[in-house]
Amino acid sequence: MAVVLAAGKGKRMQAAVHKQYLMIREYPVLYYSLKCFEDCPWIDGIILVTGEGETGYCRKEIVERYGFRKVTAIVTGGKERYHSVYQGLQACGSCDYVFIHDGARPFVDGEILERGLETVRQCGACAAGMPVKDTVKIVDEEGFVIQTPDRSRVWNVQTPQIFRFPLVLEAYQKALAGDCSKITDDAMVVERYGNHPVKLYEGSYYNIKITTPEDLVIADNFFDEKNGKK
């Protein structure tokens, strides 16, 4: 089962249209991630999590227009990302594994999903990611460097993040009963509230999240590169 998150407002994009509905060539950003899960033979269903008041729009303009047959439910997300994820998990029903993916990451592909499935079967909890290319600095409240981590041990985390379904559902239930204010991704929920280690596996440097206007320019170039046009 897959939970695809499309509830963000994308304030940093500075656009009148939410980032998941902006166009990359002839399709909206959200189309590409949904298409990847739709085409994956062992994904049985997709839960699409949208912003408040957008379920009808997504059903008509995304799901029906592009013929996504695996979207079994469209649910309204919450105030924060973790609320939206939990709404999606509740709509999953019974399944062995769940792939949680940002709808604003259009370049997820079948190879990333295959590697994720293999890893979650071994470990029970994993997340796509890639080693950082730049040196990372940890700073104090005034911006002074207090630590320089070994770059070989630092990764940028992506989605999908994949878990045994009972594990992540129970972890989210515990998290939402407490303080979620510093939760930034699903792996953190499982680490802290599921008391379970999360393994990072190779995603792709193409697997960017569309967040700012510059990302759309990068995405346009990536589209050509991935389709062999450059």
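Just after helix α4, G124 takes a positive phi of about 85°. The model is predicted, so local features are given only at pLDDT of at least 70 and side-chain atom pairs only at pLDDT 80 or more, while totals for chains, interfaces and linings use all residues. Residues are numbered from 1 along each chain as its sequence is written, and side-chain values use heavy atoms, with hydrogens and water left out.

Helices (H or I, at least four residues) and strands (E, at least two) are DSSP runs, numbered from the N terminus. Helix α4 covers residues 110-123, which is 14 residues, and spans 20 Å from its first C-alpha to its last, close to the 20 Å expected at 1.5 Å a residue. The expected span is 1.5 Å times one less than the number of residues. At the start of α4, a side-chain oxygen of D109 comes to within 3.2 Å of the backbone nitrogen of E111. Such a polar contact is a pair of N or O atoms within 3.5 Å; within protein, one must be able to donate a hydrogen and the other to accept it, and residues adjacent in sequence count only if both atoms are side-chain atoms.

The buried residues of α4 are I112, L113, G116, L117, T119 and V120. Buried means under 20% relative accessible area, exposed over 50%, and partly exposed in between, with a 1.4 Å probe and protein chains only. These buried residues pack against α1 (29-39), β6 (97-102), β7 (125-131), β10 (155-164) and β11 (199-202). Contact here means heavy atoms within 4.5 Å.

In soluble globular proteins, nonpolar side chains tend to be buried together. A nonpolar core is a set of buried Ala, Val, Leu, Ile, Met, Phe, Trp, Tyr and Cys residues joined through side-chain atoms within 4.5 Å. The largest such core has 40 residues, and those with the most contacts inside it are L30, L34, F37, I46, L48 and F99. At least two residues of this core come from each of β1 (2-6), α1, β4, α2, β5 (71-76), α4, β7 and α7. The most is given by α1, with seven residues. Leaving aside neighbours within four places in sequence, I46 is in contact with M1, A2, V4, L34, F37, E38, K70, V71, T72 and A73. A second, separate core of 29 residues includes Y82, Y86, C95 and V190.

E54 is in the loop between β4 (46-50) and α2 (55-66). With a relative accessible area of 12%, E54 is buried. Not counting residues up to four places away in sequence, E54 touches A6, H18, Q20 and Y21.

Side chains of opposite charge can pair when their charged atoms come close. The whole structure holds eight salt bridges, a salt bridge being a side-chain nitrogen of Lys or Arg within 4 Å of a carboxyl oxygen of Asp or Glu. One of them joins R25 and D220, at 2.7 Å from N to O. This pair links distant parts of the chain: R25 is in the loop between β2 (23-24) and β3 (27-28), and D220 is in helix α7 (residues 213-226), 195 residues apart. R25 also forms a salt bridge with D224, with the closest N and O atoms 2.9 Å apart. D224 is likewise in helix α7, 199 residues from R25. R25 is partly exposed at 32% relative accessibility, D220 is partly exposed at 30%, and D224 is buried at 13%.

Another salt bridge joins D186 and R81, at 2.9 Å from N to O. D186 is in helix α6 (residues 186-193) and R81 in helix α3 (residues 81-90), 105 residues apart. D186 is buried at 0% relative accessibility, whereas R81 is partly exposed at 25%. Salt bridges that share partners join R81, D102, R105 and D186 into one network.

The cysteines remain. A search of the whole structure finds zero disulfides, a disulfide being a pair of cysteine sulfur atoms within 2.5 Å. For C40, the nearest cysteine sulfur is that of C36, 6.8 Å away. C40 is buried, with a relative accessible area of 7%. C126 is buried, at 0% relative accessibility.
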